[in-house]
Amino acid sequence: MYPRSAAPRGRPAYSNGLYPPPPVTRCYDYNHQSLGGVNSFHVPELQRLPPYEWNPPRSTSNVPPPHTPTMTNGRKRQNIEYSPHMVKRQRLDSVSHPLLGSPVIQAPSPPRHLEQGPAVPESFNSLQAYAKDKLSHQMVELFEACQQQSSDLERKERCRARLQRDIQDIYAVARLYLTGSSMNGLGCRSSDADLCLVIKGTKRPDPIFVLSHLQRAFRSLSYVERTQLIRAKVPILRFRERGSDLEFDLNINNTVGIRNTFLLRSYAYADLRIRPMILVIKKWARHNQINDASKGTLSSYTLVLMVLHYLQTLKDPVLPSLQRDYPECFNPFVDIDMVPEGPKRVPPYVSRNQSSLGELLVGFLRYYATEFRWDKQVISVREARALPKTNSHEWTNKYICVEEPFERNNVARAVHEKMKFDAIKAEFAESYRILKDRKDLNSILPVRAVINKESSRR
Ligand code: ATP
Ligand code: MG
């Protein structure tokens with residue numbers, strides 16, 4: 001959770017397998033077993049970054065058998081047949097899962113005849129299997145060009161570590177955690193770095209007091225500039241790394257952000273399609289000016305939950321509810337330092353849904369343009385379904401209701417103006433109308449311009 005150098009004595013440093021390796025240019029390296037990631041929970045070993053690989057290496061051993069989690073509602077997943085095909089999919093997913101390789105899960109060996117069976121087609125091992133059509137291919141291209149690079153994450157991590165040391169001169173027991181898209185696998189090159197400063201103690205400090213104090217203290221830091229205190233519901237100190245376009249948002253003790261970062265991270269790596277799908281949708285929403293909570297539209301976090309909800313509620317779901325299937329892994333009361341341990345015990349999810357990326361994108365737009373009942377339904381990723389809107393204070397008179405998976409409040413409360421709500425719905429309707437016929441990403445998003453903008457970063 002913190003760099004080894006900063007870890008208190010007697011606490012184990014988190015070991016490899018917790019995070020996927022940071023992506024490198026043009027890379028779908030989903031071999032998460034090779035090394036730990038770069039993050040605030042684990043010291044990066046920067047010199048040992050994984051080499052570039054288009055496809056994950058073909059695995060010849062340790063193919064985990066299909067996993068059949070019992071759902072709490074009594075249903076079994078329909079997609080868990082033990083067939084050679086499923087073994088291939090498992091092999092794909094075992095390589096792609098960020099949390100395997102953990103000392104906790106030991107994948108049993110496969111039956112011998114299956115291990116010696118026909119080679120896995122390359123396509124099974126990569127996103128290319130879901131990108132045979134033009135639209136899907138464009139999505140992959142955008143994802144590749146825009147996804148957060150290892151160098152971006154290393155830079156954020158170096159800055160976080162430095163800041164933590166300087167903050168500890170003032171608050172000796174404080175710990176700084178990198179959260180949000182930098183850590184959950186859903187970041188772009190241009191994503192900001194969200195930070196949570198955890199100050200433990202019997203008396204909860206007033207966030208505004210602490211942030212004001214830090215704002216003054218940061219004046220003497222050579223590597224920080226443009227600090228700005230934002231008095232929102234969750235107050236933040238916004239600042240930049242001097243001379244760069246790397247922006248930080250630092251909050252005090254908003255630890256739900258650490259929990260949901262790990263939940264989102266588990267979803268992000270549950271299926272190869274999730275990360276490209278979400279990145280494209282974030283870019284689409286940003287381009288259409290419906291992705292800015294400070295301007296009364298959707299926060300990225302809300303948008304991500306909307307995508308997960310869509311994927312959970314398909315006839316053949318692409319995603320399950322991880323909180324429902326593995327409640328012990330996402331226990332909302334577990335100590336923050338133990339949060340990363342839970343997701344390690346989540347086995348890969350195998351979906352029967354083989355839709356291409358393009359089909360999923362069109363389906364996402366269709367769902368929110370024509371099916372979802374904004375006035376009657378609450379999105380619940382926790383339950384993997386739409387809940388009926390009740391008369392509770394949380395949901396009444398709200399245009400968009402998206403449940404925070406741990407705190408169960410409305411993450412879409414920023415959308416409080418009818419005009420903004422209408423603009424959001426109109427974007428879904430219009431983009432769906434266009435994309436369903438054109439099947440060309442450029443018809444709803446200037447792909448080249450977005451890529452060029454992103455490539456000019458850092
Ligand atoms: P981007 O790449 O656009 O920065 P992001 O994933 O970092 O996207 P943000 O909306 O900036 O998304 O939020 C940053 C993080 O803060 C989220 O990942 C989540 O952990 C936390 N967060 C944001 N909004 C809420 C909320 N309403 N309740 C709880 N946690 C939240
Ligand atoms: Mg962010």
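I began with S443, and found that S443 sits in the loop that runs between α12 (418–438) and α13 (447–455). I note here that the model I am reading is a predicted one.

Is S443 buried or exposed? I looked up its relative accessibility, which is 17%, and because buried means under 20%, S443 counts as buried. I then checked what surrounds the residue: leaving aside residues up to four places away in sequence, S443 touches I434, L435 and R438. I also found a polar atom of the S443 side chain 2.5 Å from the backbone oxygen of D440.

Next I turned to ligand 1, and asked which residues come nearest to it. There are 16 residues around ligand 1, and the nearest of them are S181, S191, D194, N260 and S300.

For S191, the distance from a polar side-chain atom to an oxygen atom of the ligand is 2.9 Å, and for D194 an N or O atom of the side chain is 2.9 Å from a ligand oxygen.

Which helices supply at least two residues each to the shell around ligand 1? I listed α5 (181–184), α7 (256–268) and α9 (300–312), and noted that α7 gives the most, with four residues. Sorting the shell by residue type, I recorded nine polar, four charged and three nonpolar residues.

Conventions:
Residues are numbered from 1 along each chain as its sequence is written. Chains are lettered from A and ligands numbered from 1 in the order in which they are written. This is a predicted model: local features need pLDDT of at least 70, side-chain atom pairs count only at pLDDT 80 or more; totals for chains, interfaces and linings use all residues. Side-chain values use heavy atoms; hydrogens and water are left out. A residue is near a molecule or strand if one of its heavy atoms lies within 4 Å of it. A polar contact is a pair of N or O atoms within 3.5 Å; within protein, one must be able to donate a hydrogen and the other to accept it, and residues adjacent in sequence count only if both atoms are side-chain atoms. Ala, Val, Leu, Ile, Met, Phe, Trp, Tyr, Cys and Pro count as nonpolar, Asp, Glu, Lys and Arg as charged, and the others, Gly among them, as polar. Buried means under 20% relative accessible area, exposed over 50%, partly exposed in between (1.4 Å probe, protein chains only). Contact means heavy atoms within 4.5 Å.
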